[in-house]
Amino acid sequence: MMEGGSRADGRNPNQLRPFTCTGNPLHRAHGSARWAQGDTVVLAAVYGPKSGTRKGENPEKASIEVVWKPKTGQIGRQEREYEMTLKRTLQSICLLTVHPNTTTSVVLQVVGDDGSLMSCAINASCAALAFAGIPMKHLAVAISCGVMDNGVVILDTSRAEEQQARSFAHLVFPNSRKSVESKDTTQRDEESERGLITCITHGAMSEDDYFNCIERGVMASSRISDFMRKTLQKEASRDA
């Protein structure tokens, strides 16, 4: 953080990097999306539903398979954790009883990583699922928050900021217009938690920092929700 609360790239603590989303850039996939947050870019492709579930999956429900492809190098422990987190998140928002005994594959290719990678991947995945017409309870949007050494909470962290932060979190919320307006702290926190789908934290984070991140994340998620909604509507109008 620089003097006056500005960040190294000139943003204020609540300012997000420019977002872009390209619908269906891959013609052979059933649905795909290229999602960018600044220089962090993820390409998500959806294939399916295909008949049959993977071994160990419930055949009375649909199965979600996630494949993570790093920009360079081999798939390691970190990438496997990404796959598991994404699978659990996507399973929680998809209607798994609509197409039982099927598998939908979500393949993610990292194009660029300048921080908030998991959030970018989740946003790309949800957009790709929507473009593929996969039945969902609701969309989800993700945002990353960092807690700096001076206690300031920043949104949409860059890679350098995540390395410098005391702690940071990736938060996933339902796609909605809900924002935090309550003056009552207890009520505000309960409302925030009810809307939280996934939370992944790194580093030491106090309870106050945790709820501060959720509060900031909820407000930021409404902006991302609006962006995703407009993107999907634009693509639907183009198809029509």
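Lys87 counts as buried at 18% relative accessibility, where buried denotes under 20% relative accessible area, exposed over 50% and partly exposed the range in between (1.4 Å probe, protein chains only). This lysine forms a salt bridge with Glu57, the closest N and O atoms being 2.7 Å apart; a salt bridge is defined as a side-chain nitrogen of Lys or Arg within 4 Å of a carboxyl oxygen of Asp or Glu. Glu57 lies in the loop between strand 3 and strand 4 and Lys87 in helix 1 (residues 77-93), so the pair ties together parts that are 30 residues apart in sequence. Glu57 is partly exposed, with a relative accessible area of 22%.

The model is predicted, and local features need pLDDT of at least 70, side-chain atom pairs count only at pLDDT 80 or more, and totals for chains, interfaces and linings use all residues. Residues are numbered from 1 along each chain as its sequence is written, and side-chain values use heavy atoms, with hydrogens and water left out.

The protein chain has five helices and nine strands. These elements are DSSP runs numbered from the N terminus, with helices (H or I) of at least four residues and strands (E) of at least two. Along the sequence, the elements of the protein chain follow the pattern β-β-β-β-α-β-α-β-β-α-β-α-β-α. Buried residues make up 50% of the 240 residues in the protein chain. Among contacts in the protein chain with a separation of 6 or more, 70% are accounted for by residues 24 or more positions apart, contact meaning heavy atoms within 4.5 Å.

Five strands form an open sheet with the order 1-2-3-5-4 and mixed pairing, two strands being paired if DSSP finds at least two bridges between them. Strand 1 and strand 4 (63-69) stand at the edges with a single partner strand each, so one side of each is left without a neighbour in the sheet. On average, neighbouring strands of this sheet are turned by 15° against each other, direction ignored. Strand 3 (residues 40-51) and strand 5 (residues 102-112) pair in the antiparallel sense over nine bridges. The bridge partner of Leu43 in strand 5 is Gln109. Helix 2 (residues 117-132) packs on the sheet and touches strand 1, strand 2, strand 3, strand 4 and strand 5; the direction of this helix makes about 150° with that of strand 2. Helix 5 also packs on the sheet, touching strand 1 and strand 2, and its direction makes about 25° with that of strand 1. For these angles, axes are lines fitted to C-alpha atoms, for helices over the stretch in contact, and values run from 0 to 180 degrees between N-to-C directions.

A search of the whole structure finds five aromatic pairs. Rings of Phe, Tyr and Trp (its six-membered ring) pair if their centres lie within 6.5 Å, with planes under 30 degrees apart counted as stacked, over 60 as edge-to-face and the rest as tilted. The ring centres of Phe19 and Trp35 are 5.9 Å apart and the planes stand at 90°, so the pair is edge-to-face. Phe19 lies in strand 1 (residues 19-23) and Trp35 in strand 2 (residues 31-37), so this pair ties together parts that are 16 residues apart in sequence. Both Phe19 and Trp35 are buried. Trp35 and Phe227 have ring centres 5.4 Å apart and planes at 85°, so this pair is edge-to-face. The pair links distant parts of the chain, with Trp35 in strand 2 and Phe227 in helix 5 (residues 207-239), 192 residues apart. The relative accessibility of Trp35 is 0%, whereas Phe227 is partly exposed at 25%. Phe19, Trp35 and Phe227 form one aromatic cluster.

The search of the whole structure also finds 12 salt bridges. Arg11 forms one with Glu161, the closest N and O atoms being 3.7 Å apart. Arg11 lies in the segment before strand 1 and Glu161 in helix 3 (residues 159-164), so the pair ties together parts that are 150 residues apart in sequence. Arg11 is buried at 5% relative accessibility, and Glu161 is buried with a relative accessible area of 7%.
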